Amino acid sequence: MTSSSEKNPSHDELLAQAFRDNAPQPDIAEPSDEPTTGELDLAERNAFRRVTKDTNIRAEDTTDGYEVEYRKLRLEQVILVGVWTEGTVAEVEATMAELAALTETAGADVVEMLYQKRDRPDPGTYIGSGKVRELADIVQATGADTVVCDGELNPGQLSALERALNTKVIDRTMLILDIFAQHAKSKEGKAQVSLAQLEYLYTHTRGWGGNLSRQAGGRAGSNGGVGLRGPGETKIETDRRRIRTEMARLRKELKSMKTAREVKRSRRQESVIPQIAIAGYTNAGKSSLINAMTGAGVLVEDALFATLDPTTRKAELSDGRQVVFTDTVGFVRHLPTQLVEAFKSTLEEVLAADIMLHVVDGSDPFPLKQIEAVNKVIYDIVKETGEEAPPEIIVINKIDQADPLVLAELRHVLDRDNVVYVSAKTGEGIKELTARVELFLNSQDAHVRMLVPFTRGDVVARAHAQGTVREEEYTSEGTVLDVRLPQVVARELDEFVTEHVS
C-alpha cells in the first residue's frame, strides 16, 4: 500500500522540484557546482510561493482502524472575470491570458475564466446582476477562494461583489501590487511597493459594520447620546490618518534614498563608459538578453515581473569597448498609476542612458500593443521630468517561438533601420544586435588621429581602454593613433590630436 507521504510530497520536496523545473539552463556546456546569482534568487522566490493548508480525512488513509489526518498543500484557487468593451475576441482572450499569467505569478491557480461583452463596466457590480448570479454558482461549484477582476474596481463594486459571492474579490491593480510585494528585494524596492500599496489602500479604505463610527444620530440626539460622545472621528477617518502618516514616512525615506542613488548615477555619468538601458514589456526576455550579451547570470524566470530592482552589469563588446547594461522593471498594459509614481526613480534609469534597447516579446499575439504600452509610460515620464528619451533600438525577442505572420506584420510596420530580430535563448541575431550597438556608439564618438610622445604611455593606454583604436604605428616623434574616442575624452586629450577625421 502506498503511504500518504509518498503520494503527498513534503513542502521542501515541492520547492526542490519547482527549482529543478524552473532553473535557467546555462549557456556553457561545462557543469558548475556553484549556482549563479539568478539561480539563488529563483530558489528563494519559489520558496515563498503562497499556499493554503487544507485539512481533510480520507478513507483510504486509514490504518488499523485509526483515521489519519494530513495536511495537503494547495495553491489558492482563483476565478478570473473580465469585461469586453472593445477590440476583437482574440484581443480580449489575450488580455485574459495575461491576467491568468499575472495570477500564476502571484502564486495562485486559475480554475475558471469568464468575460462579458458590455459597452462599459456596470457601475454597481462591474459585470451586472445576471453575471453575478452566474459567477456565484461557479464559485460555489468550484470552491474558489478568490475572484480576480480585470480592471480597477471602486470600493462600492468590491463590497457588492464580496457580499454577493461570499468570497474574496480583488482587482487587477491589487494583483499587480501583490506580485511586486512578493518579488521586491532591495530596501528601496520594498519601500516603493509599500508606498504604492498604501496609495491604493487610501482610496479603497472601507468601514465595517458597527466599527465604522463612534457617532450616532437620529433619536439618540444631536450629540450622539450616552456613551457615544467622543472626538467624532470615524473608524475610516482613523485608518486614513494612519495611512497618510505612513505614506509621509515612506516618502521621506525614499527621498533620502534618491540622494544616494543620484550620487551613484552622477558618478556613472562622469564615467566615459556608455550606459545601455534594457527596457520593455514584462517577460519579454530583457534579463535573458543581458545574459546572452554579457553572460551576467541575471535572474531569468518565465514569469511576469521577475525583475523589479534595477540590475547593472559591466560588459565588453567585441571591439573591446566596455559598456554598462542596466536591466529595469518591466511594463504591462494598464500599469497602476501608483506603481508608475512609486517606481519613477527606477524608470529614470532609462532616461539617463546613452541608448535604450526596447525589448519586445515576438511570441506575443499582439506585440505592437506591448510597444504602445511601453512608449506610453516612457512618454509620461519624459513629460513630467522634462528630459529627453535616449535613442532606441527595438529588439524583437523570442523569434524562435514567434508566429511567422506576426513577424511579417512587424517587419511591415516597424522601421527596419531601428529594429533587430533576435532569440536570446538560441543566440540568433545576438551578433547583429551587438554590431548595431557598436555602430551607434561609434557614431557618437570623435574620430581623431593623435600623436603621443613616447613619454606619455598613459595616454596610449587610456585610448585603448576608453576608445576603439583603429590603427597604431610608431614613428620617430612618438605613437600615432587612429582612434575613436568619447567626445569628453577627445576634448581632454585635445593637445595630442593632430587631425579630426570626418
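## An aromatic pair

In this predicted model, the count of aromatic pairs comes to 1. The two rings belong to W84 and Y115, and their centres are 6.2 Å apart. Their planes stand at 80 degrees, and because planes over 60 degrees apart count as edge-to-face, the pair is edge-to-face. Both values are needed, since a pair of aromatic rings is described by the distance of the centres and the angle of the planes.

Y115, with a relative accessible area of 27%, is partly exposed.

Strand 3 and strand 4 run parallel and are joined by 9 bridges. Within this pairing, V78 has V110 in strand 4 as its bridge partner.

Another open sheet has 4 strands in the order 14-15-13-16, and here the pairing is antiparallel. Its edge strands, each pairing on one side only, are strand 14 (468-474) and strand 16 (497-500). Neighbouring strands of this sheet are turned by 20 degrees against each other on average, direction ignored. Strands of a sheet pair through backbone hydrogen bonds, either parallel or antiparallel.

Which strands pair with strand 13? Strand 13 (residues 446-452) pairs with strand 15 (residues 479-485) in the antiparallel sense over 7 bridges. In this pairing, A446 has L485 as its bridge partner, and V452 stands opposite T479. Strand 13 also pairs with strand 16 in the antiparallel sense, over 3 bridges, and there the bridge partner of V448 is H500. Strand 13 is mostly covered, with 5 of its 7 residues buried. Helix 16 (residues 457-466) lies across strand 13, strand 14 and strand 15, and runs at about 30 degrees to strand 15.

## Helix 10 and a buried lysine

In helix 10, the buried residues are K286, S287, L289, I290, N291 and M293. They pack against strand 7, strand 9 (322-327), strand 10 (355-361), strand 11 (392-397) and helix 15 (430-443). In an α-helix, residues three or four places apart point the same way, because there are 3.6 residues a turn.

Is K286 buried or exposed? K286 lies in helix 10, and its relative accessibility is 7%, so it counts as buried. A polar atom of the K286 side chain lies 2.9 Å from the backbone oxygen of Y281. Leaving aside residues up to four places away in sequence, K286 touches I278, A279, G280, Y281, D327, T328, G330 and V359.

## Two asparagines with positive phi

Most residues other than glycine have a negative phi. N166 is not a glycine, yet its phi is positive, at about 55 degrees. N166 is found in the loop between helix 6 (155-165) and strand 6 (168-171). With 70% relative accessibility, N166 counts as exposed.

N283 also has a positive phi, of about 65 degrees, although it is not a glycine. N283 lies in the loop between strand 7 (275-280) and helix 10 (286-294). The relative accessible area of N283 is 22%, so it is partly exposed.

## Charges over rings

Where does the charged end of R240 sit? The charged end of R240 sits over the ring of Y202, 5.8 Å from its centre. The charged end of R411 sits over the ring of Y421, 4.0 Å from its centre.

Notes. Residues are numbered from 1 along each chain as its sequence is written. Side-chain values use heavy atoms; hydrogens and water are left out. Buried means under 20% relative accessible area, exposed over 50%, partly exposed in between (1.4 Å probe, protein chains only). Contact means heavy atoms within 4.5 Å. Two strands pair if DSSP finds at least two bridges between them. Axes are lines fitted to C-alpha atoms, for helices over the stretch in contact, and angles run from 0 to 180 degrees between N-to-C directions. Rings of Phe, Tyr and Trp (its six-membered ring) pair if their centres lie within 6.5 Å; planes under 30 degrees apart count as stacked, over 60 as edge-to-face and the rest as tilted. A charge sits over a ring if NZ of Lys or CZ of Arg is within 6 Å of the ring centre and within 35 degrees of the ring normal. A polar contact is a pair of N or O atoms within 3.5 Å; within protein, one must be able to donate a hydrogen and the other to accept it, and residues adjacent in sequence count only if both atoms are side-chain atoms.
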